Amino acid sequence: MANLIKSELYRLLKSRCTYVLLIITAFFAVINPLMYKTIDMIAMEEMEAVVAKMEESVEDDGTLTVGFSSYGGEKWYDSEYSVTISDFIQENVSGAFILLFLSIFAALFIGGEIKHGYVKSILTHVGNRRRLALANFAAVEFMLLLMFIVNFASSTVTSLILFDGIRFGETGDFMIYMLVQFLLHSAFAALIQLLVYLLRSTAFSMTIGICLSSGMGSLIISLLSLLAVKFLGAPSDFSLSKYTITENIMALIPGAPADELSLPLIVGFAGTLLFFALACFTIEKKDIR
Amino acid sequence: MNYILKTNNLTKQYGRQKAVNCVNMNVKQGDIYGFIGRNGAGKTTFLKMIAGMASLTDGEIEIYGKKGRDINSVRSRIGCLIEAPGLYPNMTAYDNLKIKCIVSGIRDKSYIENILKLVGLENVGRKKVKNFSLGMKQRLGIGLALVGDPDILLLDEPINGLDPQGIAEVRETIQRLNSERNITIIISSHILEELSKIATVYGIIHKGELIRELTNEELLEECKERIAITLEAPEKAVPVLDRMGFTKYKTVDSRTIEIYERLDSIPDIIIQLSAEGIRILSINTKTEAIEDYFLNLTGGKHNG
C-alpha cells in the first residue's frame with residue numbers, strides 16, 4: 001500500500017498540471033490582498049481630495065469646520081475592525097477558488113490514470129482495487145494540502161509586503177477553521193473521484209466539478225428543497241443547501257461557535273466517508289477498459 | 001499434467017452476448033501460447049479476466065494452484081500488455097517505468113536501465129513517450145509488463161500496427177524472454193504466420209469458444225505436405241498401403257486417405273492400387289497453410 005501511495009506521489013510531482021494549478025492558486029492568493037490594497041489606495045486618494053476640497057471651502061468662507069482631518073494618517077486595517085492575514089486566506093478558501101482548482105486537479109490526475117490506460121499496466125501488482133482508490137485519494141489529499149500551504153504562504157507574504165504592521169488574526173480559530181475546511185474539501189475530492197470512476201471521463205467529471213464549485217448546483221438543490229417542502233411535508237424553511245459541501249465551505253467562518261461548527265464537520269466527515277466508499281465500490285465492480 | 005494457468009468454463013457475458021463462453025485453457029510453464037482468433041472472438045476479454053481487469057460471469061481461473069480470492073496473491077507474477085500500451089505520454093520512458101518500479105517495490109536504479117536495454121530503448125529513456133513511434137511505445141509497453149520479473153506475460157496483439165522490422169524486434173524480444181528467463185507467454189494475434197514463428201502451443205478461439213488447443217507439432221502435422229488420395233473404397237486401399245510399407249497415413253473421411261511420408265511415390269501408389277483393381281478418383285500432394293487451417297476451423301472460408 002505504501003508503495004502504491006509513493007508511486008502516486010511520484011506521478012503527482014512529475015505531472016505538469018500539479019505545478020500549473022499551484023501557480024494559479026498562488027496567483028489568486030496574491031490577487032486578493034493586492035485588490036484590497038488598490039481599493040484602499042483609491043479610497044484614500046479620494047478621501048484626501050475631499051478633505052482638501054473641504055479645507056478649501058473653509059478658507060473661502062471662514063466659517064465651516066470639518067472633522068475629516070482627524071482620519072488622516074491612520075490606516076483602516078489598524079482599527080478595531082481591521083482586516084487580518086487570516087481574512088485573506090479565509091476569503092480564498094471560502095470563495096471556493098481552491099475547491100475549483102482541486103476539482104480540476106482530481107479529475108485530471110485520477111482520470112489520467114484511466115484515460116492513458118496506465119492502470120492496466122499496474123493492476124496485477126495492486127491486488128485489491130480499493131488500494132488503488134486509496135492511493136488516488138491520498139495523492140489528491142496531498143495536493144489539497146499543498147494548495148492550502150501555497151494559499152497560506154502567498155497570502156501571508158503578500159499581506160506583509162503590502163500592509164505595514166498587519167496582524168495574523170486569531171490563530172486558534174483559524175486552525176479549527178482550516179481543519180474543517182480541509183475536511184469539507186476532502187469530501188468534494190472524494191465526490192470527484194467517484195465521478196471519474198463512474199463516468200470514466202476526465203472531461204465530464206471536471207465539468208461537473210467546476211459547475212458544482214461555482215455554485216451552479218444550488219439551482220438544483222433549491223428545486224429539490226422546494227419539492228421536499230411541497231410533496232414530502234418538509235417545514236417551509238427547509239433548505240437542502242445547508243447540507244451540501246459547497247454551501248458549508250462558503251458559509252463557514254473562523255471563530256464560529258461550536259454548534260455552528262458541528263454541521264460542516266458532519267457534512268465533511270460523512271461526505272468523505274460516503275463518497276470514498278462509493279468510489280471504492282465502483283472501482284471494484286467496474287471492469288477496466 | 002502440471003499447468004501453471006488453467007481456466008474452467010470461464011465465461012463473460014455482456015447483456016445477452018457471451019463474449020467468452022465456457023473456455024477451458026491450459027498453459028504449462030515455459031509455453032509460448034499463441035491465442036488465435038478473429039477480431040471480436042473474445043481474446044482481449046479473456047486476457048482481461050486473467051489479468052483481473054474484468055470480472056468473471058461464470059467459471060474459474062487457477063494460477064499457480066490459487067483460485068478465487070487467493071488469486072490476488074499470485075497476480076503480481078503476471079505482467080501484461082493488453083490492447084494499447086498504458087503509458088503517460090507527457091512523461092519519459094524512464095518515469096513510466098519508475099512508477100511501476102515504485103509500485104513493485106523495486107529500488108535498484110540499474111533495473112530500469114536494464115529493462116530499457118532489454119527492449120532496445122536504452123538511448124531514448126529520457127525522451128517523452130508522446131514523441132515515440134508506435135513500435136517504440138509497444139516495446140516500452142512490453143518493458144513495463146516486465147517490471148517485477150513476471151513469470152507469466154500476457155501480450156494482446158503486441159505486433160498490431162508495427163512495420164516488419166518492428167514485428168521482428170518484438171518477436172526476438174519475446175523469444176529471448178522465453179528462452180533466457182523461462183517466462184511463460186500468452187500472446188494473442190490474428191497474424192497467424194507471425195505467431196507460428198514463435199508459439200509452442202495454440203488455442204483457437206471463435207465466437208467466444210475455445211474450439212481447439214494444440215501443440216506446434218500437432219499443428220504442423222495438421223498442415224504439413226501430404227498425398228491426398230480420393231478413392232471409391234478407401235478400406236480396400238489400406239492393406240495395399242500397408243504392404244507398400246506406409247505407416248504415416250490416415251483415413252480422413254469415407255473417400256479420402258492422406259499419406260504423410262514418401263511424397264514422391266505417387267506413381268507407385270497408382271500402379272499398386274490399379275493392380276488391385278481399386279479405382280482412384282484423384283491423387284495429388286497438398287499443403288494446408290496455417291491460415292487456411294484456421295479459416296477451415298472457424299468457418300472463415302464460408303462466412304469470412
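Start with helix α11 of chain A and select what covers its buried residues: the list includes α6 (129–162), α7 (171–199) and α10 (245–251) of chain A. Keep in mind as you click around that this is a predicted model.

Now show the side chains of α11(A) itself. The buried ones are A:L261, A:P264, A:V267, A:G268, A:G271, A:T272, A:F275, A:F276, A:A279, A:C280, A:T282 and A:I283. How far apart are the end C-alpha atoms of this helix, residues 258–285? They are 40 Å apart, and that agrees with the 40 Å that 28 residues should span at 1.5 Å a residue.

**Stop two: α5 of chain A**

Select residues 118–126 of chain A, which form helix α5. Is α5(A) enclosed or open? Of its 9 residues, 9 are buried, so the rest of the structure largely encloses this helix. Colour them if you like: A:Y118, A:V119, A:K120, A:S121, A:I122, A:L123, A:T124, A:H125 and A:V126. Step on from the end of α5(A) and you land on A:G127, where phi is positive, near 80°.

The crossing of α5(A) past α6(A) is right-handed. To see who touches whom, pick A:V119, A:I122, A:L123 and A:V126 on the α5(A) side, which meet A:R129, A:R131 and A:L132 on the α6(A) side. Sorted by class, this contact has 5 nonpolar residues, 2 charged ones and no polar ones.

**Stop three: α7 and α8 of chain A**

Move to α7(A) and bring in helix α8, residues 202–213 of chain A. Here the packing angle is about 150°, with the axes 9 Å apart. At that angle, α7(A) and α8(A) are therefore roughly antiparallel. This crossing is right-handed. From α7(A), select A:F188, A:L191, A:I192, A:L195, A:V196 and A:L199; from α8(A), select A:F204, A:S205, A:I208, A:G209, A:L212 and A:S213, and you have the contact on screen. What classes of residue make up the contact of α7(A) with α8(A)? It has 9 nonpolar and 3 polar residues, with no charged ones.

**Stop four: a loop in chain A**

Go to A:A96, in the loop between α3 (85–94) and α4 (97–115) of chain A. Its phi is near 65°, a positive value in a residue that isn't glycine. A:A96 counts as buried, with a relative accessibility of 4%.

**Zoom out on chain A**

How many helices and strands does chain A have? There are 11 helices and 0 strands. Of the 289 residues in chain A, 45% are buried. Take the contacts in chain A between residues at least 6 apart in sequence: 82% of them join residues at least 24 apart.

**Over to chain B**

The C-alpha trace of chain B spans about 80 × 45 × 35 Å along its principal axes. Chain B has 304 residues, and 52% of them count as buried. For contacts in chain B between residues at least 6 apart in sequence, 68% join residues at least 24 apart.

Now find B:K12 in strand β1, residues 3–14 of chain B. Is B:K12 buried or exposed? This lysine is buried, with a relative accessible area of 5%. Leaving aside residues up to four places away in sequence, B:K12 touches B:Q17, B:K18, B:A19, B:V20, B:T45, B:M49, B:A54, B:S55 and B:T57, along with A:D287 from chain A. For a sense of scale, draw a line from the C-alpha atom of B:K12 to that of B:V238: they are 226 residues apart along the chain and separated by 47 Å.

**Last stop: B:Y64**

Finish at B:Y64, in the loop between β5 (58–63) and α2 (72–75) of chain B. Phi of B:Y64 is near 45°, a positive value in a residue other than glycine. B:Y64 is partly exposed, with a relative accessible area of 21%.

Notes. Residues numbered from 1 in each chain as written. Chains lettered and ligands numbered in written order. Predicted model: local features only at pLDDT ≥ 70, side-chain atom pairs only at ≥ 80, totals over all residues. Heavy atoms only, no water. Helix = DSSP H or I, 4+ residues; strand = E, 2+ residues; numbered from the N terminus. Expected span 1.5 Å × (residues − 1). Buried < 20%, exposed > 50% of the residue type's maximum accessible area, 1.4 Å probe, protein only. Contact = heavy atoms within 4.5 Å. Axes fitted to C-alpha atoms, helices over the stretch in contact; angles between N-to-C directions. Left-handed = near helix turned anticlockwise from the far one by under 90°. Nonpolar A, V, L, I, M, F, W, Y, C, P; charged D, E, K, R; others polar. Parallel < 35°, antiparallel > 145°, perpendicular 65-115°, else oblique.
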